[in-house]
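Please look through the sequence and the three-dimensional model shown here before reading on.

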Amino acid sequence: MRILLMGNPNVGKSAVFSRLTGTQVIISNYSGTTVEFTKGSTVLRAGETAEVIDVPGTYSLEATSKAEEVAVDMLDGMLDEGDIVVNVVDATHLERNLYLTLQLLERNVPVVVALNLWDETKHKGISINVDRLQEILGVPVIPTSALTGEGIDVLVNRISEVAKDASGKRKLSGDGKRPGARSADERWAEIGRILAEVQKITHRHHTFLDRLEDASIQPVTGLIIAILVLYLSFKTVRLIGEGLIDFVFDPMFEGLLRPVVTRLSIALGSEGFFHDLLIGRLINGEIDFEASMGLLSTGLYVPITMVLPYVFAFYVVLSVLEDVGYLPRLAVLVDNIMHALGMHGYAIVPTILGFGCNVPAALGTRILESRREKFICATMLSIGIPCMAQTAVVIALIGRYGWQYLAIIYGVLFALWLITGLVLNAIMPGSSPPLLMEIPPYRLPHPRVLGKKVWMRIRVFLSDAIPYVLLGVLFVNILHVSGIIDVLGRIFAPILGGLLGLPSEAIVALIMGFLRKDVAVGMLSPLGLSVRQLVVAVIVLTAYFPCAATYVVLLKELGAVDMLKSALIALIAAFGAGALTNIVMSRTVPVAYIFVGIFLLIAVVILVTRALKTTKLKYSEAQSEDGKSASAM
Amino acid sequence: MDGATVSLVDVHEGEQVCVVDILGGCGLASRLEALGIRPGTNIIKRSEMFMKGPVTVEAHGTQVAIGYGMASKILVRPVGKKPNKPSGKNGDIRQDITA
């Protein structure tokens, strides 16, 4: 049998799922954390195993986004005997949540209601008469607090009971005990009646969190809070990341690994194929963990010492922001800007995820309603958002030349991101759908839940990244030994040298970049590039193509044709921006002027796209007189 | 208590209003409806972002951000400036709405 967890977004379905199955899934304090269904299994009372499915949140059974579609499809597909829907309900927002409950009951599927977030009702001055609610709905209602685990065992018991007689009852269904499909008006009227009977709200004083909630969506205070939050996030990531590298990982590698690999290097005779493969080439007679390119040197050093601390730091900060519930408020703040780029404000959520890793970000674009929006967001993401793994290596490699070079790299990437959106919004038919989203209340993060989430993300990083890095290092060694790299270098020399001012050996980094961006950037280190060449190479490496893992996800999400378009745009953007940066920087222009240039470029693009948009609008208005109502949407 | 019907974007922050009508296609109406915002619902306008940014309202104790264009299609009628009362008032208010 199967148990479907269904409910409104952000009511804690995934938390219930974790409790039931013991499987860890990402849970956050905002709508749309789960965009795909997740499966797990649980043992019911009678010792029977049941498959539990965590379904993306939906407000009603009329889907309005891809994630909601998944939810409704799941329900439609699930009409086997003995299957059960566990309707997870936010007890603090009973009124809105009951709409879906009523719709589910009308479908005549066996339902158990989990009244989740039960512990929060007390703080909020809400009291619910559970027995009466159960009586009215005619199905079991169990108060739960999935984060603490309260009520979960009772829920499991009731599921077992319902499951036992569900298979029998189903055959009898059709005698119409429950009402059939009703109109929305009837449902809302029914909800009003139910609430009048079961729910009492006592007034309570505004807390500090309430005031903070209001302040963060007001124009002036909201902007100040956003700047503060982003600044603090950035500072914290650097502090944790750098601290871990300097005081933990680097000493650990120097103290533990260096003696071992040095001895191994001597034992292998300091050169030869196996030496190069395992230890890498010696630089000035010594093993250079960053540049030697051996499996045991660079292959371990890059992912663990250079990247892991920053990935960890980023996910700690991101997870706090997620669990507090800040991200949707940021979406409100940037909604205007995002509309100019062809998306609504919620697109900022996958974009921020992208700074950690582009893979979950590409999946996260599912919370956007239209195909157009998804395409724009995904393309901008793969061009302009470097993942934390890459950022970590960039900071290590280029930070030593001074912050201004990092500023140029991120300035150019930001400009690329912005221009991509502006241009795509102008040339693609259609317009961005309006923002409509629930803003969750601020919640204080639960340390244990937070820790679990960070650990889960780190585990994904370790299990995905390290094999890829090792594979990449192996692959590059083979390319070197076989001489293929020299051939490719000669072929691409005109582009690399002429356009970007890079030596032909840089091709190895571009090839590696298909697989992993962090190692690719690391590979620039032994080439002896000037800082200008490094900046250009990093910009091109970020933008020209998403890494293999992201590519696979995008291919699935966008389809082959759109992915091809997206990849072409990325290629043009990357080499264009690389060439331009190369030209500007080879004239030894001060950083300030570069930024003025970026601003001017963006301004020009904005003006041109505006002009394009208005002419297109006029044209389409002239085209259809009667199509007014349709285009007004 | 009586007031003229205005668009949600013209309402002051902190004011409690009652939704009278939702203009625009049924797609818009049904998306709002799923969030519990429908003719007859009492909502409080919480904020409006600058330069025609999203309007945030509180409906049934939940905050919902609505894009400006969408918000301008929600017609409302003031019902006084009291903070929101406990819910369960949907039915009676809808009686005196005339289109």
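Which residue of S5(B) does A:Met437 stand opposite?

## Strand pairing between the chains

In this predicted model, A:Met437 stands opposite B:Ala65, a residue of S5(B).

## The side of chain B that touches chain A

Contact between the two chains involves 32 residues of chain B and 32 residues of chain A. On the side of chain B that touches chain A, at least two residues each are supplied by helix H1 (26–34), strand S3 (42–48), strand S5 (62–66), helix H2 (68–71) and helix H3 (90–95) of chain B. By residue class, the side of chain B that touches chain A divides into 11 nonpolar, 17 polar and four charged residues.

## The six-stranded sheet of chain A

Within chain A, six strands form an open sheet with mixed pairing, and their order is S2-S3-S1-S4-S5-S7. Strand S2 (38–43) and strand S7 (141–143) of chain A stand at the edges and have a single partner strand each, so one side of each is left without a neighbour in the sheet. On average, and with direction ignored, neighbouring strands of this sheet are turned by 25° against each other.

One pairing in the sheet is that of strand S1 (residues 2–7) with strand S3 (residues 49–54) of chain A, which run parallel and are joined by four bridges. A:Leu5 has A:Asp54 in S3(A) as its bridge partner. Helix H5 of chain A packs on the sheet, where H5(A) touches strand S5 (111–116) and S7 of chain A, and the direction of H5(A) makes about 155° with that of S7(A).

## Helix H5 against helix H7 in chain A

Helix H5 (residues 130–137) also meets helix H7 (residues 184–198) of chain A, their axes coming within 9 Å and crossing at roughly 150°. Because of this crossing angle, H5(A) counts as roughly antiparallel to H7(A). The crossing of H5(A) and H7(A) is right-handed.

On H5(A) the contact is made by A:Arg132, A:Leu133 and A:Ile136, while on H7(A) it is made by A:Ile194, A:Glu197 and A:Val198. The residues of the contact of H5(A) with H7(A) comprise four nonpolar, two charged and no polar residues.

Methods:
Residues numbered from 1 in each chain as written. Chains lettered and ligands numbered in written order. Predicted model: local features only at pLDDT ≥ 70, side-chain atom pairs only at ≥ 80, totals over all residues. Axes fitted to C-alpha atoms, helices over the stretch in contact; angles between N-to-C directions. Parallel < 35°, antiparallel > 145°, perpendicular 65-115°, else oblique. Left-handed = near helix turned anticlockwise from the far one by under 90°. Contact = placed C-beta atoms within 7 Å. Nonpolar A, V, L, I, M, F, W, Y, C, P; charged D, E, K, R; others polar. Pairing = 2+ DSSP bridges.
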